[in-house]
Amino acid sequence: MSVALDIVTIIAVSAGAFFFLAGTVGLLRFPDTLTRLHALTKADNLGLGLVVLGLLPQAGSPRDGLKLVCVWLLVLLAGATVSQLIAALASSESGQRGDSIERGPP
Amino acid sequence: MTIASALEIALAAVVLGVAVWTIAAHETSAAVVGFLAYGLLLALVWVRLDAVDVALAEAAIGGGLSGVLLLGAAARLRPAEAAATTERPGRIPRLGAGMLSALVAAALAAGVLLLPDPAPTLAPAAAANAGATGLGNPVTNVLMAFRALDTLLEKVVLLLVLVGVWSLAPDRLWGGRPGPRHEADPLGVLAFLARLLPPVGIVVGIYILWVGANHPGGAFQAGTILAAMWLLVMMAGLTDAPAVSSRRLRLVLIAGPAVFIAVGLAGLGIGTAFLAYPAAQAKPLIVAIEIAMTLTIATTLGLLIAGAPEQSEER
């Protein structure tokens, strides 16, 4: 039983780490603000979600597990809000300059 | 090498890297973002050192509130930034600043490296007397009982800082509301977050205050979280900062130090010394002081970030 739970943990946390890696690569490689935000939200939502999912079997008590899920939900809320705000700022700045969405520094 | 020590070495390397990057960054706003990341990483370092109380304070202050303060400063400096970067200081001031920094770093390094092994510590004495107050968290014991005078003076310093910020207001706006009035779409995302998050944040803040007696946490960390919730609501334009001349506001601002001093004087009257708690009532007294201080800290920090009065008293 505990071996099965450990396997679930290893698979889920590894998958979460993969999404963080992919999100970081996207942040560095994608050409403009909106696509970079898209990459970052994948790391926040899926990456952290999978890490939390993987840690749940290792949590000492249901209360600890609930706290982990709450952390994920709060990060989801903050991440979604901040990316909306950044995207709104990016599109209003590019609107003022009359070109398409801002191209960041290379 | 174990996995834990590999993790610690990697963490230290990243902290140093971010620190160097923060200093080397040319744009003010980029440096501020670097400093924010530095504060959060430093909080992780404190967790690895088992100093969870310090980690909470570092994450809340270093990664949170000072970040807001510095971002605001960077936004205000932006119009002048181009002019400031073109006029570089001469060779001699730069060389002097570099030498002074190297000297300070060398003195700090010498201080740390020349410590006797084991380093002098009062931790065993603090742990041995932990039962004196009935509190389970040794950090709260030190802050609120063994070194209570330091904590009291620290709160007074915080108030003095706020008076300093307020005194930057021009005469005609004295007594007015701090900072600019924030305008945001009342149906927008920020206003949505400012309605959704504060109930959660207030519960977390009160929880951190309450568990501070026996576990990591306490008035300062709780006050910072409450201040952050208040600032979020102000920045979303859902409420305005209170007028500096408001009597109710000023009562809240002095509540913490006032309760602290009152308990201290009572200790002088019925006990043996200033700030001596009678052993049977030590815990309720300390918790009462912490509750009053949390209110004061939250209000003070929120107003520090809101800034000097920039709107007149009348709307």
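At what angle do the axes of helix 3 of chain B and helix 9 of chain B cross?

Guide: This is a predicted model, in which local features need pLDDT of at least 70, side-chain atom pairs count only at pLDDT 80 or more, and totals for chains, interfaces and linings use all residues. Residues are numbered from 1 along each chain as its sequence is written, and chains are lettered from A and ligands numbered from 1 in the order in which they are written.

Helix 3 (residues 52-86) and helix 9 (residues 219-235) of chain B cross at roughly 30 degrees, and their axes come within 9 Å. Helices here are DSSP runs (H or I, at least four residues), numbered from the N terminus. Axes are lines fitted to C-alpha atoms over the stretch in contact, with angles from 0 to 180 degrees between N-to-C directions. Helix 3 of chain B and helix 9 of chain B are therefore roughly parallel (an angle under 35 degrees).

Residues are in contact if their C-beta atoms, placed from the backbone, lie within 7 Å. On helix 3 of chain B the contact includes Leu56(B), Ala60(B) and Gly64(B), and on helix 9 of chain B it includes Phe220(B), Thr224(B) and Leu231(B). By class, this contact has 11 nonpolar, 3 polar and no charged residues. Ala, Val, Leu, Ile, Met, Phe, Trp, Tyr, Cys and Pro count as nonpolar, Asp, Glu, Lys and Arg as charged, and the others, Gly among them, as polar.

Chain B is divided into domain 1 (1-77) and domain 2 (135-315), with bounds from an automatic or database domain assignment. Between these domains of chain B, 10 residues of domain 1 are in contact with 13 of domain 2.

How values were computed: Helices (H or I, at least four residues) and strands (E, at least two) are DSSP runs, numbered from the N terminus. Angles under 35 degrees count as roughly parallel, over 145 as roughly antiparallel, 65 to 115 as roughly perpendicular and the rest as oblique. Two residues are in contact if their C-beta atoms, placed from the backbone, lie within 7 Å.
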